[in-house]
Amino acid sequence: MPARLIVLLSLIFTSPSVFAQAGNMGPIVTDYGRSFFVEDRDVPLVDGHQYQVVFELVNYSMDMTVINRDLDRVARFLNALAGQGVPLENMDVVVVVLGRTLMSLLNDEAYEEKYGHKNPSLDLVNQLAEAGVEI
């Protein structure tokens, strides 16, 4: 039995996830959208390309005390491109919000009335809007 435990522990501690990067926050959405720098990309980014992207958000956690993860993915997209040298003016991002995800756009007063606490996604929504994302 101890030999199995030793083998299991050695596999856990030598797995690639142990050596994974922690990721970087920002540079566009500074508090959200942790992204990773990839040096040897299979597909190079084209200088001067205008990235036009539409995100359709439909899902929201049943736990209304956490931020909307889909909105965080939008921030990750912006931060990942910026981390690869794409300027913000070359990113046209639109977010279409449907269904339950609309709750993540409520102001704090309305959210608190409905769920008993402030909107955990509101700061992220504001940072995305400041970055020029159309919601």
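Here is a short chat about ring pairs and a helix contact in this predicted model.

The model is predicted, so local features need pLDDT of at least 70 and side-chain atom pairs count only at pLDDT 80 or more, while totals for chains, interfaces and linings use all residues. Residues are numbered from 1 along each chain as its sequence is written, and side-chain values use heavy atoms, with hydrogens and water left out.

Me: How many aromatic pairs are there?
Reply: Rings of Phe, Tyr and Trp (its six-membered ring) pair if their centres lie within 6.5 Å. By that rule, the count is two.

Me: Is the pair of F55 and F77 stacked, tilted or edge-to-face?
Reply: Planes under 30 degrees apart count as stacked, over 60 as edge-to-face and the rest as tilted. The ring centres of F55 and F77 are 5.6 Å apart with planes at 70°, so this pair is edge-to-face.

Me: Which elements hold F55 and F77?
Reply: Helices (H or I, at least four residues) and strands (E, at least two) are DSSP runs, numbered from the N terminus. The two residues sit 22 apart, linking distant parts of the chain: F55 is in strand 1 (residues 51-57) and F77 in helix 2 (residues 69-83).

Me: Is Y111 buried or exposed?
Reply: Buried means under 20% relative accessible area, exposed over 50%, and partly exposed in between (1.4 Å probe, protein chains only). With a value of 0%, Y111 is buried.
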